[in-house]
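Please keep the sequence and the model open beside you as you read.

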Amino acid sequence: MNRSLGVCYYPEQWDRSLWLNDAKSMVKAGISWVRINEFSWSKLEPQPGEFRFEWLDEIIEILYSQKIKIVLGTPTAAPPRWMVDKYPDMLIRDKDGRLRKHGSRRHYCFSHKGYASECDRIVELLAQRYGKNNAVRAWQTDNEYGCHDTAISYSESAKLEFQDWLRKRFKTKSDDDKSDIEALNLAWGNVFWSMQYRSFSEIELPNNTVTDPNPAHVMAFRKFSSHQVAQFNKRQVDIIRKFSNYPITHNFMGRITDFDHFKVGDDLDFASWDSYPLGFSEDRIDADESHKKVYARQGDPDFQAFHHDLYRSVGKGRFWVMEQQCGPVNWAPYNAKPSNNMLMLWTWEAFAHGAEVVSYFRWRQAPFAQEQMHSGLQLPDGTKTRAYDEVKEIEKTLRGKRNIESSLSQVAIIFDYDADAAWAIEPHGKNLKYFNLVFDVYRALRKLGQSIDIVPVDTKNFSQYK
């Protein structure tokens with residue numbers, strides 16, 4: 001498999017006069033893939049039913065003129081303001097029932113039927129328009145499912161869909177609703193504390209109870225929430241496949257365990273993930289301050305590798321890094337600058353784990369909004385950063401080495417998202433976490449020099465492993 005470099009680009013944030021020069025500069029840096037469009041719904045449809053695809057047509061043509069291949073994102077992770085006005089109840093609610101409002105991203109509930117239909121509509125319009133376009137060589141659904149604690153919603157829509165999901169799971173041969181609910185009461189042990197239900201419509205979401213809710217209730221809701229993510233993704237995949245034969249991916253994030261990534265991966269052609277070594281070392285690794293200080297400008301040496309191996313399996317042997325950190329981020333507790341040549345190390349590490357493409361975030365640093373302190377390959381005025389020069393060096397080294405061979409791992413670790421949920425529901429000890437258990441085992445195997453596959457719990461064949 002040929003290894004290639006890519007970049008994330010936001011043409012809607014820049015004047016048209018820059019687009020062609022940007023494309024030419026990308027090619028000079030060795031970039032052959034560009035991801036666009038994943039946050040541009042308000043640009044595509046500024047008013048309900050008022051579409052403006054011309055700017056997207058133009059940038060696709062410009063990139064294609066420079067022989068750049070495009071990953072086209074569906075823009076459903078950032079619904080426009082008018083969408084919230086149309087469906088005020090589409091907003092996600094957190095565990096405390098607080099509304100998570102417009103003004104950022106990922107503010108939709110996976111269970112809201114009206115929003116799901118709107119997503120179907122915009123995805124179908126994009127797929128119809130660009131499904132046969134030779135420039136669009138891959139698709140990305142939405143963006144970073146579950147990021148910012150958005151996989152699990154405690155909205156009214158989620159409650160109603162959860163009740164319906166339970167009805168189907170506890171369906172018996174009888175049409176009597178009471179017999180079905182008795183099966184649920186028995187399975188959940190609801191005789192305890194007089195928690196029995198008389199009908200599915202009585203079942204609330206497992207939050208804001210006086211003390212802990214029934215763990216069986218919480219586990220069922222976690223499974224339901226995971227199912228909703230997978231179904232939301234499948235709807236988009238099925239629509240795109242009606243109009244395009246090019247592969248479809250989703251860009252997962254590091255240490256997000258609120259939904260089963262393997263289930264989402266079942267419907268994808270390959271997996272991708274967003275790799276931010278310095279941000280994750282500060283924000284997502286349970287380690288003491290001395291450990292974080294040592295790796296503040298490198299990133300934890302095992303965390304990236306773990307996710308490369310995880311998403312290789314989620315993608316059934318195929319994965320990309322869709323967003324690779326290339327300088328300081330803006331969202332961690334401390335935002336250090338990478339050591340010199342770290343971008344090279346991170347890129348080659350990804351290729352060594354089987355990545356087909358490493359795509360850098362982002363082309364040019366934004367001078368506004370939430371990510372204005374998040375670096376890119378260029379400063380806002382177009383000045384090239386050290387990362388740009390490193391990308392050129394990576395491409396130079398990559399020439400003649402694109403066909404990197406992969407070998408089979410001899411060790412496998414099962415990662416079970418339901419087990420992670422069970423530990424979160426009843427950890428049985430302060431700060432005990434399933435992810436840390438698996439990660440500690442992974443670290444130990446890495447110290448022994450092992451290559452490792454991280455596989456789903458329903459894996460049947462282990463014959464290749466020692």
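**A guided walk through the model**

D142 is buried, with a relative accessible area of 0%; here buried means under 20% relative accessible area, exposed over 50%, and partly exposed in between, with a 1.4 Å probe and protein chains only. This residue sits in the loop between β4 (136–140) and α6 (156–169). Helices (H or I, at least four residues) and strands (E, at least two) are DSSP runs, numbered from the N terminus. The backbone of D142 deserves a look too, as its phi is near 50°, a positive value in a residue other than glycine.

Before going further, a word on the source: this is a predicted model, in which local features need pLDDT of at least 70 and side-chain atom pairs count only at pLDDT 80 or more, while totals for chains, interfaces and linings use all residues. Residues are numbered from 1 along each chain as its sequence is written, and side-chain values use heavy atoms, with hydrogens and water left out.

R106 also has a positive phi, of about 55°, although it is not a glycine. You will find R106 in the loop between α4 (81–86) and α5 (113–130). With a relative accessibility of 2%, R106 counts as buried. Another backbone feature to look for is the cis peptide bond that joins F361 and R362, where omega is about -5°. R362 belongs to the loop between β9 (357–361) and α14 (386–398).

Now turn to helix α1, which spans residues 19–29. Which of its residues are buried? They are W19, D22, A23, S25, M26 and A29. Seen down the axis of α1, these buried residues fall within an arc of 165°, so they line one face of the helix; the arc is that of the directions from the helix axis to the C-beta atoms. An α-helix has 3.6 residues a turn, so residues three or four places apart point the same way. The face turned away from the buried side of α1 carries the exposed residues N21 and K28. What covers the buried residues of α1 includes β1 (4–8), β2 (33–36), α3 (54–65) and α14. Just after the helix, G30 takes a positive phi of about 95°.

Leaving aside residues up to four places away in sequence, Y360 touches L5, G6, V7, C8, I31, Q324, L343, T347, L377, V391 and I394, where contact means heavy atoms within 4.5 Å.

Let us finish with the charged pairs. Side chains of opposite charge can pair when their charged atoms come close. How many salt bridges does the structure hold? There are 36, a salt bridge being a side-chain nitrogen of Lys or Arg within 4 Å of a carboxyl oxygen of Asp or Glu.

One of them is formed by D300 and R443, whose closest N and O atoms are 2.7 Å apart. This pair links distant parts of the chain, 143 residues apart: D300 is in the loop between α11 (289–294) and α12 (303–314), and R443 is in helix α16 (residues 434–447). D300 counts as buried at 3% relative accessibility, and R443 counts as buried at 16%.

The side chains of E356 and R318 meet in a salt bridge as well (2.8 Å, N to O). They too link distant parts of the chain, 38 residues apart, with E356 in the loop between α13 (342–352) and β9 and R318 in the loop between α12 and β8 (319–325). E356 is buried, with a relative accessible area of 6%, whereas R318 counts as partly exposed at 28%.

D96 and R98 form a salt bridge through their side chains (3.4 Å, N to O). D96 counts as partly exposed at 49% relative accessibility, and R98 is exposed, with a relative accessible area of 52%. Finally, E45, K86, E118 and R121 are linked in a network of salt bridges.
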